[in-house]
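Visitor: I would like to go through this structure with you, helix by helix, before I plan anything around it. Could you show it to me?

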Amino acid sequence: LLQLTTKLFSSIQCVAEVAYDLVSPSQHRRSSPSFQHPADLREGLVNAYQVVTTDLSSRASSIQHAAVYNHSTKGITSAVGGVLREIPPTLLLPFITLPKVIPQLSNGVKNHLKPS
């Protein structure tokens, strides 16, 4: 059941990342840190926390960059437009982050219940 859940969420993540790439105004590729399989539930929670904080800080810096860059080049109206263009990718962020968190937690639970 845990493996099926992990596969389901990885396919949801794939679809969400494609949608993110389509609506994102910036052309940079998202990269996520790679984690080793958690040995227990605690390590799974730590990895999941790191995924969430990395994604949130990346999204916040993208919004900040859009506001600062557009304000410095074309003024306040452009800054507002730049921030508004960042809303669709921000709304997709939970659908990208959650599928990265679930495998960390489920692998942690699986390894906690049946240590190698």
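Visitor: Is the crossing of α1 and α4 left-handed or right-handed?

Guide: Please bear in mind that this is a predicted model. Helix α1 covers residues 2-23 and helix α4 covers residues 87-113, and the two pack with their axes 8 Å apart at an angle of about 160°. That angle makes α1 roughly antiparallel to α4, and the crossing of the two helices is left-handed.

Visitor: Which classes of residue make up the contact of α1 with α4, and how many are there of each?

Guide: Two packed helices are described by the angle between their axes and the distance between the axes, but the residues in the contact can be sorted as well. By class, the contact of α1 with α4 has three charged residues, five polar ones and 17 nonpolar ones.

Visitor: Which helices do the buried residues of α2 pack against?

Guide: The buried residues of α2 include Gly44, Ala48, Val51, Asp55, Arg59, Ser62, Ala66 and Asn70. An α-helix has 3.6 residues a turn, so residues three or four places apart point the same way. The partners of the buried residues of α2 are α1, α3 and α4.

Visitor: Is His65 buried or exposed?

Guide: His65 is found in helix α2, and its C-alpha atom lies 16 Å from that of Thr54, eleven residues away in sequence. Its relative accessibility is 54%, and because the cut-off for that class is over 50%, His65 counts as exposed.

Visitor: How are α2 and α3 oriented to each other, roughly parallel or roughly antiparallel?

Guide: The axes of α2 and α3 come within 7 Å and cross at roughly 155°. Since angles over 145 degrees fall in that class, α2 and α3 are therefore roughly antiparallel.

Visitor: Which residues of α3 make the contact with α2?

Guide: α2 passes α3 in a right-handed crossing. From α2 the contact draws on Ile63, Ala66, Ala67, Asn70, His71 and Lys74, and from α3 on Ile76, Ser78, Ala79, Gly82, Val83 and Arg85.

Methods:
Residues are numbered from 1 along each chain as its sequence is written. This is a predicted model: local features need pLDDT of at least 70, side-chain atom pairs count only at pLDDT 80 or more; totals for chains, interfaces and linings use all residues. Side-chain values use heavy atoms; hydrogens and water are left out. Axes are lines fitted to C-alpha atoms, for helices over the stretch in contact, and angles run from 0 to 180 degrees between N-to-C directions. Helices (H or I, at least four residues) and strands (E, at least two) are DSSP runs, numbered from the N terminus. Angles under 35 degrees count as roughly parallel, over 145 as roughly antiparallel, 65 to 115 as roughly perpendicular and the rest as oblique. A crossing is left-handed if the near helix is turned anticlockwise from the far one by less than a right angle, and right-handed if clockwise. Ala, Val, Leu, Ile, Met, Phe, Trp, Tyr, Cys and Pro count as nonpolar, Asp, Glu, Lys and Arg as charged, and the others, Gly among them, as polar. Buried means under 20% relative accessible area, exposed over 50%, partly exposed in between (1.4 Å probe, protein chains only). Contact means heavy atoms within 4.5 Å.
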